[in-house]
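Welcome, and thanks for bringing your viewer along. Load the model, switch to a cartoon view, and let's walk through it one selection at a time.

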Amino acid sequence: MKIEMPSAAAEILNTLHEAGYEAYIVGGCVRDSILGRVPGDWDITTSALPQEVKKLFKRTIDTGIKHGTVTIMKGKEGYEVTTYRLDGVYEDHRHPKEVTFTRSLIEDLKRRDFTINAMAYNDKEGLVDEFDGISDLENKIIRCVGDPVKRFEEDALRILRAVRFSGQLGYTIDPETAKAAGELAPTLSNISAERIQTEFIKMMTSAHPEVIRDAYKLGITKVFLPEFDECMECEQNTEHHCYTVGEHMIHSVMEVPADKVLRLTMILHDIAKPKCKTTDEYGDHFKGHAFEGSMMVEEIMRRLKFDNATTNAVRNLVRCHDIFMKDEPNDVNVRRTLYYVGPDNFEDLLKVKRADMLAQSTFEREEKERRLKLLEKIGHEILERKDCLSLKELAVGGKDLLSLGVTPGKEIGTILNNMLMDVLRHPNHNDKEYLIRHLKNYNKPEI
């Protein structure tokens with residue numbers, strides 16, 4: 001087997017070999033190369049100690065010197081070179097208390113997470129596959145190196161990574177590995193929100209986001225997204241639906257492109273349904289779930305340390321996802337929708353609503369399709385006309401109100417907001433002379 005690697009990586013290996021050290025590319029880059037995928041990074045492992053590595057190369061950065069990692073710069077590209085090591089005791093289910101350097105490649109590979117990530121390669125020795133990762137690639141299996149309980153006790157994040165790799169590669173998790181993941185899922189509570197967020201995004205934007213169902217069955221989502229578990233257990237006794245809330249959300253995720261905002265929106269869009277559920281003789285109802293869901297989404301995404309831009313985009317799409325399910329779209333209510341969701345997010349809203357519809361029952365499907373097409377038509381016409389949809393597009397601004405003697409502060413905000421609400425109903429009112437002439441009408445708590 002021959003793996004083609006960047007010339008810079010080959011040069012690093014050659015330099016280490018000529019100095020008398022062992023060196024291999026290792027981990028994900030080996031796995032992806034075998035699968036015909038383009039590796040994102042080319043990691044190198046070596047028998048040379050960090051200080052020995054630094055002596056051999058002109059430009060190095062001590063990116064993780066404590067754990068044996070030195071980054072070698074080749075032009076603008078950095079290549080991480082890590083000394084073979086043994087990990088000490090893991091006291092926090094994430095990081096070893098200490099590491100010990102070793103001259104044995106096999107000992108280093110033993111500490112890695114999954115067999116498909118525990119292969120090493122160089123042109124001289126070929127593939128080193130002590131744990132039969134090749135067979136697991138061929139059989140499409142995610143299997144821990146050695147004892148899965150020990151691997152997950154060392155680093156609880158590996159539990160989530162197992163599901164994530166399953167989604168990215170379309171592989172099945174080995175039964176013993178899955179069993180250990182389920183038993184130790186509660187230890188994910190020791191992992192930082194930022195680390196969990198990263199794996200969650202990768203899972204949801206993978207080729208198989210439906211693996212979140214496996215995360216639920218293994219008790220993983222219960223730790224970082226318990227609201228989802230409630231959805232999986234929430235029935236929908238209504239002619240519009242044929243799945244539980246959670247299953248509906250999973251099916252809707254599979255109907256949108258692998259975009260972070262879209263996938264997160266779909267897996268969270270009905271998150272408030274269990275909280276809003278009522279039942280009468282006509283079945284189940286979920287009134288107000290979109291607005292309540294938008295508030296829950298904000299709380300969830302803050303908890304998982306998402307950035308403001310992503311949080312705001314998902315929250316607004318969740319808030320608007322259910323609009324026009326029964327109401328007929330018209331210029332006024334579509335302008336209001338564009339105000340809430342933002343003109344730049346209108347195409348995403350259309351995708352969200354279509355995915356939501358496709359994951360429902362076929363009840364009234366033709367009528368829903370008609371309303372969705374009408375929404376799209378009216379929305380595009382409004383955007384093409386450049387109707388006023390935000391405060392910055394109003395013909396009157398804060399400085400204008402100040403010049404007219406309006407008291408600085410809350411009063412200005414109230415007036416401008418009321419002006420905008422009026423203009424959303426009557427676009428022709430977005431005229432400076434008109435708005436100032438009717439200023440007295442806008443100086444109310446709400447209009």
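In which loop is serine 361 found? Select serine 361 and show its side chain: it sits in the loop between α19 (346-358) and α20 (365-385). Keep in mind as you go that this is a predicted model.

**Stop 1: around serine 361**

Is serine 361 buried or exposed? Serine 361 counts as buried because its relative accessibility is 12%, and the cut-off for buried is under 20%. Now show what surrounds this residue. Leaving aside residues up to four places away in sequence, serine 361 touches Glu239, His240, His241 and Cys242. Zoom in on glutamate 239 and pick its backbone oxygen: a polar atom of the serine 361 side chain lies 2.5 Å from it.

**Stop 2: a hairpin**

Next, select residues 60-64, which are strand β3, together with residues 69-74, which are strand β4. The two strands pair in the antiparallel sense, over three bridges. β3 and β4 form a hairpin, with four residues between them. While you are in the turn, click on glycine 68, where phi is positive at about 90 degrees.

**Stop 3: the largest pocket**

Time for a surface view. Rolling a probe the size of a water molecule over the atoms shows where empty space is left. The largest pocket has a volume of about 1,500 Å³. To find its centre, select Asp43, Glu80, Arg112, Asp113 and Arg161, the closest to it of the 40 lining residues. Then colour the elements that give two or more residues to this lining: α2 (28-34), β2 (44-46), β5 (77-83), β6 (85-87), α7 (157-169) and α9 (193-204). Which element gives the most to the lining of the largest pocket? That is α7, with seven residues. Colour the lining by class and you will have 19 charged, eleven polar and ten nonpolar residues.

**Stop 4: the second largest pocket**

Finally, move to the second largest pocket, which holds about 850 Å³ of space. Select Phe286, His289, Asp322, Met325 and Lys326; of the 33 residues lining this pocket, these lie nearest its centre. Which elements each supply at least two residues of its lining? Highlight β13 (283-285), α16 (289-303), α17 (308-320) and α18 (331-341) to see them. Coloured by class, this lining has 13 polar, eleven charged and nine nonpolar residues.

Definitions and conventions:
Residues are numbered from 1 along each chain as its sequence is written. This is a predicted model: local features need pLDDT of at least 70, side-chain atom pairs count only at pLDDT 80 or more; totals for chains, interfaces and linings use all residues. Side-chain values use heavy atoms; hydrogens and water are left out. On a 1 Å grid over the protein atoms alone, a cavity is a set of points where a 1.4 Å probe fits but cannot get out, and a pocket is an open set with protein on both sides within 12 Å along at least five of seven lines; lining residues have an atom within 4 Å of a point. Grid points are joined across faces, edges and corners, and a volume is the space filled by probe spheres set on the points. Ala, Val, Leu, Ile, Met, Phe, Trp, Tyr, Cys and Pro count as nonpolar, Asp, Glu, Lys and Arg as charged, and the others, Gly among them, as polar. Buried means under 20% relative accessible area, exposed over 50%, partly exposed in between (1.4 Å probe, protein chains only). A polar contact is a pair of N or O atoms within 3.5 Å; within protein, one must be able to donate a hydrogen and the other to accept it, and residues adjacent in sequence count only if both atoms are side-chain atoms. Contact means heavy atoms within 4.5 Å. Two strands pair if DSSP finds at least two bridges between them.
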